[in-house]
Amino acid sequence: MSTTDDNAEVVLRPFHESRQNRHAYLSRTNSLLTALNSTNTEATLLTLPNISGSEERRPTSTYIIRPLSTKEQATLLDPQQCNCRLESNNANAQIMYRVAGNGEGSTMSNWDMSASLKAQVHNNTFSGNVILGVLLDGPDSVELNNNKGKKLSNIIGISNNSLIQNSILEPGCSIHKNSEVISTHVMKYAAIIGCGSISYNKDDVAKSISKYNFDMTLGSMDVEVGPESGGGRVVNVTIENTLVDVCHALNMDSNGGTIAPLYQPSKDTLGEVKMNVLCPHSALLHTPQVHHVHVLPYASIDSATSVSSAILLPKSTIKSGSTVSHALLQWSSTITSQSDAHHVHLMECACVGPHSFTTNTIYGPDSHVSGGEVHCTIFGPNANSHHQSLLIGILWPLGRGNVGYGSNVGSNHTGRIPDQETSVGEGTFWGLGCVIKFPVDMTCSPYTIVAAGVQLPPQRITMPFSLITDGPGGMNQLTPGWLLQYSPYTIARSEVKFANRRTAKRHDYYTGWKILRAGIMDLLVNARSSLVYAGQQQSAGEKKMAVYKTEKSIPGLGANQLTEKGRQIGIKAYTDAIQRYALRGLLERLVTLVNSQKTGLTLNQVLAHVGLEGVDQDSATSLGAPSKSVVNWPVLPWNEESHTSSEAVWDHQHKMLLNELPSILSSTNKTSPILSRLLEKCMALEDDHAKRVYKSKSRDDARGASTVPGYADVHIAAEKDSVVLAAKKEADDVRQDVKLVEAAIGGGVVRSRL
């Protein structure tokens with residue numbers, strides 16, 4: 001197995017283990033179902049794996065399942081003892097308890113369980129086939145006489161249920177005060193408290209399978225994203241899927257192929273499980289209707305309105321008045337507070353609610369939507385919509401953006417059919433009350449801000465880090481690279497924010513990409529080429545155009561206008577970012593070399609190590625024409641070679657460095673050797689970046705202090721801001737690294753001529 005295969009096995013292990021655990025619990029249910037439906041009048045000895053986390057020393061335990069004896073049935077029905085009822089003469093109640101030790105099964109099968117029934121079962125009506133589990137004294141027991149002050153869900157036993165039918169209630173479960181519990185398997189430590197109808201209807205399940213391809217065993221279903229009608233992008237998701245798998249299934253990785261590992265489940269031999277399944281430490285609490293669910297350990301459905309056809313992985317929850325159907329919830333994900341969610345897949349730590357309405361949507365890890373509507377959408381990692389807004393038909397696989405209050409990103413209807421969609425770039429910010437008319441493509445324009453109130457007509461934009469505002473003459477104005485040039489604080493803060501908020505650790509292997517990485521740099525190069533080429537196309541001596549309009553004048557400008565000043569801003573912003581990226585790579589390469597070999601370095605050795613031997617200004621590559629625009633997805637960050645390979649990062653930085661040499665060398669002291677000029681430029685760019693980070697924050701401070709009384713007293717000033725201080729420290733560190741390199745190589749050598 002290759003190193004890549006080894007890494008794939010490691011990062012996908014939690015997903016495979018999850019599937020194995022799900023199937024282990026479903027296999028347990030199938031084993032007990034056989035006993036439930038058995039007509040055997042003798043005792044059955046059944047060996048089952050021990051419950052995970054039960055601190056058992058043995059891997060398995062043997063249980064006795066047998067019909068009630070005459071005395072036990074009398075105890076069960078006696079109003080002075082268990083006070084239970086059988087709905088009809090055909091009702092068949094069996095008892096289940098654990099064998100104390102090896103070889104004791106035949107002896108214990110004749111034990112009288114009347115006392116245990118009296119202690120643990122009270123005031124229920126039973127119908128059909130029911131297995132009643134009871135605990136015995138000894139290592140298998142739970143303290144029954146110390147329940148005072150405990151929550152009802154922690155009190156072991158079965159009491160005050162209007163109807164229990166065709167169900168398996170294992171020893172140690174808690175079933176209290178429910179209207180009906182039908183076709184449900186409740187394992188030890190699981191609880192059903194104060195619910196209405198817990199049911200499993202075969203016709204409804206068959207409809208879920210045929211219409212939505214919902215399969216409880218596979219843990220899968222179809223989700224239709226993109227256009228609501230007239231086609232659609234149907235993806236069959238499993239509960240253990242990642243966004244890598246979803247994007248692959250939708251062919252979003254067609255540009256560059258797939259490098260990141262894909263989750264490929266093993267073939268199933270397990271048949272359909274025709275019951276609700278509650279695993280240990282799971283709970284159904286105070287919910288009127290629950291149907292066709294598999295609830296894994298420590299997951300819960302608490303005070304929801306209705307839940308049907310749902311799988312909840314550990315620590316996930318549906319609660320507080322939510323109505324949910326056909327839902328796959330990964331670890332620690334939540335649907336809450338009067339939300340409606342149908343045909344949704346929530347990845348790890350995703351949250352829907354409060355007051356959200358969502359259908360046919362895949363939520364990436366650490367995403368959050370509240371107070372709005374999201375339909376037919378891929379809502380990527382760390383994407384947030386905390387206000388009343390609308391998203392329909394949005395393909396946003398890289399997320400990391402924000403949706404402002406009143407944003408209407410959902411004008412998907414042409415008047416003929418709602419068949420339009422929008423593809424969105426990483427880090428997009430939808431401003432207050434903006435209106436987006438479909439189709440729009442911004443995948444090659446990451447970290448773009450659509451300002452408050454902007455109406456965006458159908459278009460394709462390929463200008464990263466842009467600001468789009470209302471413009472004169474009714475046409476929006478775009479400033480390319482605005483975020484890089486005038487708000488680098490936002491980018492620096494976002495790098496820290498995304499790292500700190502990345503709580504979905506199982507998805508961490510692909511969600512931790514940097515903002516200013518190889519793929520983004522390629523987009524900047526293409527955008528800059530378009531801006532430069534537009535200026536070069538005008539005749540020599542001709543006055544520059546004051547305003548460029550639409551993509552006819554500049555490819556990638558979309559349906560917007562751009563001033564000449566804005567074009568110059570974009571060129572500078574993109575150039576500085578590209579060169580800073582390349583020069584930082586050069587410096588890191590030099591520092592690594594110096595630290596590994598403290599003495600004896602010659603200039604030629606250093607230049608050879610960084611691929612600059614024999615390179616001078618005359619032989620450097622100059623800027624070319626922009627590449628032809630192709631409507632395709634950009635290379636996804638987890639599929640970039642540089643995502644997992646530091647050597648690939650340097651290869652890309654070196655390529656960028658060679659392309660940028662004409663620009664860098666023309667702006668530095670021509671009498672100095674090439675290496676000194678490059679390091680000088682590196683320090684200058686870092687110092688400038690730190691100053692602009694400070695300036696973008698201090699500008700807000702000054703405006704706030706001059707507008708709002710007491711503003712300065714309650715806001716952290718730029719001089720003390722952690723992001724500003726980190727940028728300054730980074731610039732200082734770069735300066736120290738340059739000194740380290742010069743000291744190790746020798747000042748005279750570095751400053752000598754080539």
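This is a predicted model: local features need pLDDT of at least 70, side-chain atom pairs count only at pLDDT 80 or more; totals for chains, interfaces and linings use all residues.
The chain has 754 residues, of which 55% are buried, and its secondary structure comes to 18 helices and 42 strands. If you look along the principal axes, the C-alpha trace spans about 105 × 70 × 55 Å. As for how the chain folds back on itself, if we take the contacts between residues at least 6 apart in sequence, 51% of them join residues that are at least 24 apart.

I would like to begin with helix 14, which runs over residues 646-666. Its 21 residues reach 29 Å from the first C-alpha to the last, and that is close to the 30 Å expected at 1.5 Å a residue. Where does the kink in helix 14 lie? It is found at E660, shortly before the proline P662, and the angle there is about 55°. E660 itself is among the buried residues of this helix, and the others include W650, H652, M656, L657, L661 and I664. The cover over those buried residues includes helix 10, at 518-536, helix 12, at 564-596, and helix 15, at 674-705.

Buried in helix 8 are P488, Y489, I491, A492, S494 and F498, and what covers them includes helix 7, helix 15 and helix 17.

Rolling a probe the size of a water molecule over the atoms shows where empty space is left. The largest pocket holds about 1,000 Å³ of space. It is lined by 35 residues, and those closest to its centre are E495, K514, L516, R580 and E730. Two or more lining residues come from each of helix 7 (482-486), helix 8 (488-500), helix 12, helix 14, helix 15 and helix 17 (722-745). Which element gives the largest share of that lining? The answer is helix 12, with seven residues. By residue class, the lining of the largest pocket divides into 17 nonpolar, seven polar and eleven charged.

The second largest pocket contains about 820 Å³ of space. There are 42 residues in its lining, with N255, D522, L523, N526 and P634 the closest to its centre. Here the elements that supply two or more lining residues are helix 10 and helix 14, and helix 10 gives the largest share, namely eight residues. The lining of the second largest pocket divides into 19 nonpolar, 15 polar and eight charged residues. You will notice that helix 14 is on the list of contributing elements for the largest pocket and also on the list for the second largest pocket.

Most residues other than glycine have a negative phi, and most peptide bonds are trans. In this model the peptide bond from G353 to P354 is cis, with omega near 15°, and P354 sits in the loop between strand 23, at 351-352, and strand 24, at 357-363. The bond from F438 to P439 is cis as well, with omega near -5°, and P439 is in the loop between strand 34 (435-437) and strand 35 (440-441).

Y298, in the loop between strand 16 (289-295) and strand 17 (300-302), has a positive phi near 65° although it is not glycine. H343 also has a positive phi, near 60°, but H343 lies within a strand, strand 22, which covers residues 340-346. Is H343 buried or exposed? Its relative accessibility is 13%, under the 20% cut-off, and therefore it counts as buried.

I will finish with W111, in the loop between helix 3 (105-108) and helix 4 (114-120). With 40% relative accessibility, W111 counts as partly exposed. Leaving aside residues up to four places away in sequence, W111 touches R66, E72, Y97 and L136. The C-alpha atom of W111 is separated by 47 Å from that of S210, which is 99 residues away along the chain.

Notes
Residues are numbered from 1 along each chain as its sequence is written. Side-chain values use heavy atoms; hydrogens and water are left out. Helices (H or I, at least four residues) and strands (E, at least two) are DSSP runs, numbered from the N terminus. The expected span of a helix is 1.5 Å times one less than its number of residues. The bend at a residue is the angle between axes fitted to the seven residues ending there and the seven starting there. Buried means under 20% relative accessible area, exposed over 50%, partly exposed in between (1.4 Å probe, protein chains only). Contact means heavy atoms within 4.5 Å. On a 1 Å grid over the protein atoms alone, a cavity is a set of points where a 1.4 Å probe fits but cannot get out, and a pocket is an open set with protein on both sides within 12 Å along at least five of seven lines; lining residues have an atom within 4 Å of a point. Grid points are joined across faces, edges and corners, and a volume is the space filled by probe spheres set on the points. Ala, Val, Leu, Ile, Met, Phe, Trp, Tyr, Cys and Pro count as nonpolar, Asp, Glu, Lys and Arg as charged, and the others, Gly among them, as polar.
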